[in-house]
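Here is a friendly note to read alongside the model, for anyone meeting it for the first time. Please keep the sequence and the 3D view open as you go through the points.

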Amino acid sequence: MTKPTILTGDRPTGKLHIGHYVGSLQNRVRLQNEEKYQMFVFLADQQALTDHAKDPQTIVESVGNVALDYLAAGLDPEKSTIFIQSQIPELAELSMYYMNLVSLARLERNPTVKTEIAQKGFGESIPTGFLVYPIAQAADITAFKANLVPVGTDQKPMIEQTREIVRSFNHAYDCDVLVEPEGIYPENEAAGRLPGLDGNAKMSKSLGNGIYLADDADTLKKKVMSMYTDPNHIKVEDPGRIEGNMVFHYLDVFGREEDQADIQAMKEHYQAGGLGDVKTKRYLLDILERELGPIRERRLEFAKDMGQVYDMLKKGSQAAQAVAAQTLDDVKSAMGINYFK
Ligand code: TRP
């Protein structure tokens, strides 16, 4: 029995924050260590370039940073194939053939693409590469014959579009070369989308409201101390609200089994009045430090030798390329364009 294949990727547009960690990275490490799957994890630099064409430096730097975040969080190149999208030209070639199977109208209907176009303010100047990135994403997924794709719920339309392409391809060329993937979505929506330090629904670089895996202990402390709590909880004796209070929200996400009794007691004390924000923040800081301290240490260790990190990425990319080349070969044979075979 061959193991089912899992594939996931991230757009390298900055360092990873703790929202990425609880929303997906932690889960990938868990899946990797179950050793029941063949895992591919990749840096989708080509996709990131679809809206950063004139600013490649950010993407290039982020490739190194996200690779460090991966290693620090526990992805292990001995167990998972970690690679860089742009180093696998077969993916672009597959995209060319898939483009002929998808109408422009279908791409324009993709809800995630629609939202992103509005957010990014492209106006009438949508880069063609951006509009077709769902097709390139289908190439990423199908090149590795992925069965399972763990992603955020915002990626559902991409998985749906990939499945359509697979069916359309296999039908058009009367074959079963491509594999229909399933998405795996976060069970817990709360962890799936961690709000920012300021209470904004989204933790993001542009909002400046995130905690990064790369943050040092001092930065972590400053950020926790600045977190949004209950604006009406002015004096310690005042009763406080835990709903919408980021300290309690993060405690719910990061607290372990053995912390639950303490957390419950603190919630009750806070609501009754008499518990100050500084105390709750100190407690949260300890909990975060317990989780993030070891990750930070490992990150610093790996960062000492970036040559070794790129070497790992190169090996992963070579291994990934071999798999993608085989799929491309099958695809061309199915289409009857493997002229020299
Ligand atoms: N679109 C994904 C994101 O923005 C990144 C991505 C690119 C991806 N290719 C993929 C995810 C293939 C899963 C599978 O997060």
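**Notes on charged pairs and one annotated site**

1. Let us start with D252, which is partly exposed at a relative accessible area of 45%; here buried means under 20% relative accessible area, exposed over 50%, and partly exposed in between (1.4 Å probe, protein chains only). D252 forms a salt bridge with K267, with 2.9 Å between the closest N and O atoms; the term stands for a side-chain nitrogen of Lys or Arg within 4 Å of a carboxyl oxygen of Asp or Glu. This pair links distant parts of the chain, 15 residues apart: K267 sits in helix α13 (residues 260–272) and D252 in helix α12 (residues 246–254). K267 itself is buried, at 14% relative accessible area.

2. A word on how to read all this. The model is predicted, and local features need pLDDT of at least 70, side-chain atom pairs count only at pLDDT 80 or more, while totals for chains, interfaces and linings use all residues. Residues are numbered from 1 along each chain as its sequence is written, and side-chain values use heavy atoms, leaving out hydrogens and water. Helices (H or I, at least four residues) and strands (E, at least two) are DSSP runs, numbered from the N terminus.

3. How many salt bridges does a search of the whole structure find? The search finds 23. One of them joins the side chains of K222 and D218 at 3.5 Å, N to O. Both residues lie in helix α11 (residues 217–225), and because they are 4 residues apart, about one helical turn separates them. K222 is exposed, with 58% relative accessible area, whereas D218 is partly exposed at 48%.

4. Next, please look at R167 and E180, whose side chains meet in a salt bridge (3.0 Å, N to O). The pair links distant parts of the chain, 13 residues apart, with R167 in helix α9 (residues 156–172) and E180 in the loop between α9 and β5 (182–184). R167 is partly exposed at 39% relative accessible area, and E180 is partly exposed too, at 31%. Both belong to a network of salt bridges that links E160, R163, R167, E180 and E182.

5. Finally, D140 carries the UniProt annotation "binding site", from an unreviewed entry; UniProt positions are given in the numbering used here, feature names are shortened, and annotations may be inferred rather than shown by experiment. D140 lies in helix α8 (residues 133–143). Is D140 buried or exposed? At 3% relative accessibility, D140 is buried. Leaving aside neighbours within four places in sequence, D140 is in contact (heavy atoms within 4.5 Å) with L7, F42, Q85 and L91.
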